Amino acid sequence: MPVEEPNGKVSVPEGLWKKCDSCHNIIYNKELEENFFVCSKCGYYFRLTSKERIKQLLDENSFNEMSADLQSTDPLSFSDTQKYSSKIKHAKNKTKLNDAVVTGFGKLDGRDIIISIMDFDFMGGSMGSVVGEKITRAVETAVKKKLPLIIVSSSGGARMQEGMFSLMQMAKTSASLSKLSEAKLPFISVLTHPVTGGVAASFAMLGDVIIAEPKALIGFAGPRVIEQTIKQKLPDDFQLSEFLLSHGQIDIISERKELKNTISEIVDLLYNDSNG
Ligand SMILES: [Zn+2]
């Protein structure tokens with residue numbers, strides 16, 4: 001709780017609150033969590049970690065992680081301002097994850113599903129060999145177990161530090177999804193701010209149903225690059241979920257508090273247990 005200091009200033013103990021990036025109001029963590037990490041003052045969507053996303057989307061304690069031990073190597077011994085190996089080490093310490101996606105089994109309103117959740121805090125959710133392999137394994141497990149697949153994306157694109165190896169993940173994940181489609185199993189792709197580059201250009205856009213959170217930036221190249229290339233001014237809302245919905249590139253915009261219900265309803269419509 002706020003404490004009034006002798007000089008009349010109000011201080012709030014650190015760690016109990018967050019400042020909204022959009023309206024700069026101070027919001028208590030507890031209040032924020034209860035509101036699905038959406039600012040109650042201005043509606044700004046805070047970024048979720050994979051852990052928070054699991055808590056919001058899946059039935060309590062139903063998540064069972066798979067392929068958690070997979071770790072990136074440094075095939076090109078890449079270095080720019082910093083060695084790639086040091087960046088990975090830093091990202092691991094920061095997120096307590098081994099790479100930028102978490103995959104596993106879970107339950108959604110009592111139904112078994114396979115889910116992959118990208119974590120932007122790990123090197124901008126970039127897709128290298130490990131992300132590609134984990135997504136592919138998740139897809140293959142869904143095919144094998146005859147379960148619906150949900151992928152929640154949040155990514156800046158391919159991981160340039162792995163060069164061609166990261167680009168190959170676009171083909172690899174897309175090819176595996178064609179097997180899911182042949183097996184007539186649903187893939188629901190959930191896009192959260194931002195989804196760009198190689199992830200937008202591969203599995204994220206291949207969902208049978210594509211859902212986005214409001215005002216998420218979704219696209220291949222950023223607006224600045226496009227404006228420079230086509231030498232035209234782009235509309236202000238270009239590449240935001242709302243623009244993409246009105247142009248037919250995505251199917252649904254779901255508020256975060258409704259997201260679990262929305263996904264659950266679609267699974268109900270597209271999947272019947274005779275598949276499994
Ligand atoms: Zn706000």
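Two residues are said to be in contact here if their C-beta atoms, placed from the backbone, lie within 7 Å. By that criterion, and leaving aside its neighbours within four places in sequence, A212 is in contact with L191, I218, S241, L244, I250 and I253. The model is a predicted one, in which local features need pLDDT of at least 70 and side-chain atom pairs count only at pLDDT 80 or more, while totals for chains, interfaces and linings use all residues. Residues are numbered from 1 along each chain as its sequence is written.

**Overall form**

- The protein has 9 helices and 12 strands, these being DSSP runs numbered from the N terminus (H or I with at least four residues for helices, E with at least two for strands).
- Its radius of gyration, taken over C-alpha atoms, is 20 Å, close to the 19 Å that the globule rule (2.2 Å times the number of residues to the power 0.38) gives for 276 residues, so the protein is as compact as a globular protein of that length.
- Along the principal axes, the C-alpha trace spans about 70 × 45 × 45 Å.
- Of the contacts in the protein with a separation of 6 or more, 66% are accounted for by residues 24 or more positions apart.

**Domains**

- The domain assignment, whose bounds come from an automatic or database source, gives domain 1 (14-46) and domain 2 (47-275).
- The centres of the two domains, taken over C-alpha atoms, are separated by 24 Å, and 5 residues of domain 1 are in contact with 9 residues of domain 2.

- Helix α7 (residues 223-230), by contrast, is hardly covered, with 0 buried residues among its 8, and is followed by K231, whose phi is positive, near 55 degrees.

**Strand pairing around β10**

- Strand β10 (residues 209-212) pairs in the parallel sense with strand β9 (residues 187-196) over 4 bridges, where pairing requires that DSSP finds at least two bridges between the strands; the bridge partner of S189 in β10 is I210.
- Strand β10 also pairs in the parallel sense with strand β12 (residues 252-253), over 2 bridges, and the bridge partner of I211 in β12 is I252.

Note on methods. A residue is buried if 20 or more other C-beta atoms lie within 10 Å of its own, exposed if 12 or fewer, and partly exposed in between; C-beta atoms are placed from the backbone.
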